[in-house]
Amino acid sequence: MRALRRLATRHAGPFERLYLVCDRLALALAPLLVKAGLERLERPAAVLESWTKGALFDCNMCGRCVLAATGMTCPMNCPKGLRNGPCGGVRANGNCEIEAALRCVWLEAWEGAGRMRHGGRIGELQAPLDHRLKGSSAWLRRMVERARLGSAPP
Amino acid sequence: MSVHRIEFGDSYPPLPGHVSGGRLERVLRSGRFAVTAELNPPDSADPEEIYQRALVLSEVCDAINATDASGANCHMSSLGICALLKAAGYSAVMQISCRDRNRIAIQGDVLGAAALGVHNVLCLTGDGVEAGDQPGAKPVFDLDSITLLDTIRAMRDEGRFLSGRVIESPPRLFLGAAANPFAPPFDWRPRRLAKKIAAGAQFVQTQYCFDVARLRAFMSEIRDGGLHKACFILVGVGPLASARAARWMRSNVPGVHIPDSVIQRLEGAADQRQEGKRLCVELIQEISEIEGVRGVHVMAYRQEELVNDIIRDSGVLKNRAPRAQGAEPTPGAEII
């Protein structure tokens, strides 16, 4: 899985474009799909999301996806689960202080962000996780929230 | 209605534009070079241990840091140490690590600390449990250093918990963060500090500096971004006891960078401990000349008795009279 994850980071630019297209499409369709009872599809949506994002990003299904703001690298792979940048323990060779064989997830995120059009989003402050959302579909939640809010900014 | 109000150690009425009534904020905002030091926490329930260890630091320090199980090793809690420091009249910096407590516990501790008269809090993510003496412990990391800063800032400025619930009497705290200019990715580090400042950091205590060239490069980027005007930067320093101790620290303490040249210098010395002390004095003198550096944070693990001499020899206090906090000031000397 690590190989695919590195691929996603290395090609963060194309992945970002793909992500934005899917995101816009999903948000455009959201009101329609929600009206058709989309919310009942939580379980299949979560399974689908877990498979795809699990394969591509080693997604941990935190329920609040921030990939587009973290260089298309899932921050939940950080052994400390840091969502706002690297800790001060990164080794001189760029590896993790906890798992000596693991390259710092935030180093990869930083490099990925450098390849993205909206890479500057890595500076955004991420709120603490809502642990109740673990295992749920972040895609579905985004669509449902959008449908309820109307045309709020992404 | 309160009948009796307890006044602790270094409490002053907050000046206009100040968030706390503490000594550290006063020293920094008045433009003086600040000195803080880390107290090595005891594996003991005896308060006398704290008083003894604080006494050797107090003469030259504006505030004493109470570490929160640093390196994931269990010791007396930072809140307990702060309560004892305050009772003895010292100014304390309570360190909070996100490793061991969740958001509910931390916010409660912040109120408790403020009620005890603590004016300064240093917000840290914390080392992984694997680094310490109890590697089987559950790592919490419910918050990280940045969300912790943002949480306490909102408690203080907006008078509300993370949940939005109102705090009747908000804590008045001077907020600090850590920075490590010596760990990769180097080009990220100034931006990470900017993020911490945006989240509420008002002062910064860095990791040990043994590489002044790297610090200069970092500070140059900090000045380019104007960050040195948005927060007070205190650079971490400390005496190395020997070349062997330096090697051990380099490979076992997360985030510590010691160049080979430093280790060689210690190895070549007749008295390594004395050389380590001399090196520390020289580093402080060099560091204090860098534009944007507003103080030093001395971490003299198990060598606390050297701190007094190191600070005096470095001359950074200039015409400030080194004195025991709470003691009578020397007539005519410039004091806070």
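A salt bridge here is a side-chain nitrogen of Lys or Arg within 4 Å of a carboxyl oxygen of Asp or Glu. By that criterion, a search of the whole structure, which is a predicted model, returns 29 salt bridges over all chains. The tour below visits several of them, together with the confidence of chain A and a surface patch.

**Stop 1: chain A, coloured by pLDDT**

Begin by colouring chain A by confidence. The mean pLDDT of chain A is 88, and 95% of the residues score at least 70. Select helix α1 (residues 2-10) of chain A, where confidence is lowest, with a mean of 75. Then move to helix α4 (residues 105-114) of chain A, where confidence is highest, at 94.

**Stop 2: R103(A) and E108(A)**

Select R103(A) and E108(A), whose side chains form a salt bridge with an N to O distance of 3.8 Å. How does the exposure of the two partners compare with the cut-offs? R103(A) has a relative accessibility of 30% and therefore counts as partly exposed. E108(A), at 8%, is buried, because the cut-off for that class is under 20%.

**Stop 3: D130(A) and R132(A)**

Next, display D130(A) and R132(A). The closest N and O atoms of this salt bridge lie 2.7 Å apart. R132(A) is exposed, with a relative accessible area of 73%, while D130(A) is partly exposed at 25%.

**Stop 4: R103(B) and D142(B)**

Turn to chain B and select R103(B) with D142(B), a salt bridge in which the closest N and O atoms are 2.8 Å apart. This pair connects distant parts of the chain, 39 residues apart: R103(B) belongs to helix α4 (residues 103-115) of chain B, and D142(B) to the loop between β4 (120-124) and α5 (145-157) of chain B. Is D142(B) buried or exposed? With a relative accessible area of 13%, D142(B) is buried.

**Stop 5: a network in chain B**

Remain in chain B and show the side chains of D150(B), R153(B), E158(B) and R160(B). These four residues are linked in a network of salt bridges.

**Stop 6: a nonpolar patch in chain A**

Which residues form the nonpolar patch on the surface? L25(A), L29(A), L32(A) and L33(A) do, with about 390 Å² of accessible area together. To locate one of them, select helix α2 (residues 12-35) of chain A, which contains L32(A). L32(A) has a relative accessible area of 63% and is therefore exposed, the cut-off being over 50%.

How values were computed:
Residues numbered from 1 in each chain as written. Chains lettered and ligands numbered in written order. Predicted model: local features only at pLDDT ≥ 70, side-chain atom pairs only at ≥ 80, totals over all residues. Heavy atoms only, no water. Buried < 20%, exposed > 50% of the residue type's maximum accessible area, 1.4 Å probe, protein only. Helix = DSSP H or I, 4+ residues; strand = E, 2+ residues; numbered from the N terminus. pLDDT = per-residue confidence, 0-100. Patch = residues over 30% accessible without salt bridge, like charges linked within 9 Å, V, L, I, M, F, W, Y side chains within 5 Å. Areas by Shrake-Rupley, 256 points an atom, 1.4 Å probe, with all protein chains shown as cover.
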